[in-house]
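I begin with the model itself.

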Amino acid sequence: MVLAVYGELVLPIDPDATAETRALLHHLRSLEGRHVLFGHQDDFAYGTQWSAEPGRSDVRDVIGVYPAVFGFDLGHIEIGADRNLDGLGFDDIRGWIRQAHALGSLVTVSWHADDVVSGGSAWTQAETIPHLLPGGSHEQEFTTALDRLADFLAGLTDADGRPIPIVFRPYHEHTGDWFWWGKGLNAEVDFIALWRHTVDHLRLRRGLHNLLYAISPDRAGIDPDALADGYLYGYPGDEYVDIFGLDDYRDLGRPNNPAPLEDQHATLVAALTTTARLARERGKLAALTEVGTERTLPDPWTGYLLPALMANEDTHRILWTLSWRNPTGEPERAYTPQPGAPTAADFAAFAADPFVLMNDELPDLYAR
Ligand code: BMA
């Protein structure tokens with residue numbers, strides 16, 4: 001059994017993690033309880049009113065600085081495609097990851113992987129996992145998929161050729177039933193086996209040592225009256241997880257959530273508290289790995305999200321919050337505001353709060 005915690009020092013699950021990867025975990029821990037990093041998915045790639053404008057960012061358009069965390073998605077790398085599931089070139093994604101890292105931000109990568117059994121998307125609702133595991137009908141195809149993923153991750157190097165530390169967040173929202181790896185479609189033991197097989201493949205068979213592994217159950221798939229049990233569905237064990245994430249769109253004022261707003265906020269606080277507490281008890285870090293703040297809230301940032309992140313000692317330990325993407329031409333789907341949008345001033349006030357860190361306020365996360 002690998003001991004992950006020595007006093008205040010937290011070590012990656014990978015005993016051979018690179019010096020920069022260990023440093024990242026250490027520096028994140030030193031921020032715990034004091035700050036939350038703000039992140040945005042696909043921030044360099046496009047925004048609500050633009051795409052492919054080098055250096056542009058919806059976040060920077062509003063507050064003048066880049067996010068402290070950049071998220072990207074590798075869906076379709078597994079099928080050998082040149083572009084990800086949202087049409088972004090993988091060469092461009094590699095470039096944006098290098099750019100984000102060179103700026104000193106944290107990079108996190110999710111993977112909306114296709115179902116290699118049916119050829120369908122990540123949203124295929126079938127019991128896929130047993131076919132992928134050793135001895136399964138599609139073991140070979142899945143090994144190829146993992147190798148294509150590993151090839152891309154292995155190519156993420158900085159200007160000096162050193163591997164860029166990446167928070168890898170595969171099989172996200174596994175407590176939901178919308179992805180082929182989700183709860184209800186597969187046996188829990190099979191999800192655990194898939195997770196361990198993936199980590200073992202990347203780390204042991206492919207020798208990747210620049211990855212921190214984040215698990216990110218979705219709150220919508222967890223009973224708010226049994227948060228800890230629900231959170232730990234499919235938990236692959238302390239030797240397989242570095243970061244306890246949470247994805248939450250449900251408790252953020254969604255029009256399709258009938259609960260009164262105060263109750264939704266209380267559930268968000270409770271879910272964040274549980275996430276951070278479970279992480280603390282196991283010597284792990286915690287993050288709000290995806291969140292969708294509704295534009296319909298009066299002050300979604302300072303009046304809703306920030307008070308949840310600062311609700312108690314546990315929620316203070318949530319290290320970053322990542323808002324999802326701003327698809328071009330679809331302002332109603334944007335998760336961060338445009339200049340002049342009704343919530344832009346509130347977002348700027350959130351960014352200016354001393355608890356919230358943007359790119360320009362980060363310590364050197366990679367200093368050894
Ligand atoms: C989802 C949606 C999809 C997108 C996917 C991967 O949550 O935003 O439109 O394809 O993420 O980015």
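Which elements do the buried residues of α3 pack against? I looked up the contacts (heavy atoms within 4.5 Å) and found β6 (69-73), β7 (106-111), α5 (139-154) and β8 (166-170).

I note the basis here. The model is predicted, with local features needing pLDDT of at least 70 and side-chain atom pairs counting only at pLDDT 80 or more, while totals for chains, interfaces and linings use all residues. Residues are numbered from 1 along each chain as its sequence is written, and side-chain values use heavy atoms, with hydrogens and water left out.

**Entry: helix α3**

I took helices (H or I, at least four residues) and strands (E, at least two) as DSSP runs, numbered from the N terminus. Helix α3 spans residues 90-102 and has 13 residues. Its reach from first C-alpha to last is 18 Å, close to the 18 Å expected at 1.5 Å a residue; the expected span is 1.5 Å times one less than the number of residues.

I then listed the buried residues of α3 (under 20% relative accessible area; exposed is over 50%, partly exposed in between, 1.4 Å probe, protein chains only): Phe-90, Ile-93, Trp-96, Ile-97, Ala-100 and His-101. They lie on the same side of α3 because they cover an arc of only 135° around the axis, taken from the directions from the helix axis to the C-beta atoms. Asp-91 and Ala-102, on the other side of α3, are exposed. After α3 comes Gly-104, with a positive phi near 95°.

**Entry: aromatic pairs**

I paired rings of Phe, Tyr and Trp (its six-membered ring) with centres within 6.5 Å; planes under 30 degrees apart are stacked, over 60 edge-to-face, the rest tilted. The count comes to 25 aromatic pairs.

Phe-38 and Trp-301 are edge-to-face, because their ring centres are 5.9 Å apart and their planes at 75°. This pair links strand β3 (residues 36-41), which holds Phe-38, to helix α9 (residues 300-309), which holds Trp-301, 263 residues apart. Phe-38 has a relative accessible area of 0% and is buried; Trp-301, at 2%, also counts as buried.

Trp-301 and Phe-347 have ring centres 4.9 Å apart and planes at 65°, so I logged this pair as edge-to-face. Phe-347 is in helix α10 (residues 344-352), 46 residues from Trp-301. Both are buried.

I also found one aromatic cluster, with Trp-111, Phe-168 and Tyr-213 among its members.

**Entry: charges over rings**

I required NZ of Lys or CZ of Arg within 6 Å of the ring centre and within 35 degrees of the ring normal. The charged end of Lys-183 sits over the ring of Tyr-233, 5.4 Å from its centre. Arg-295 has its charged end over the ring of Tyr-335, 5.5 Å from the centre.
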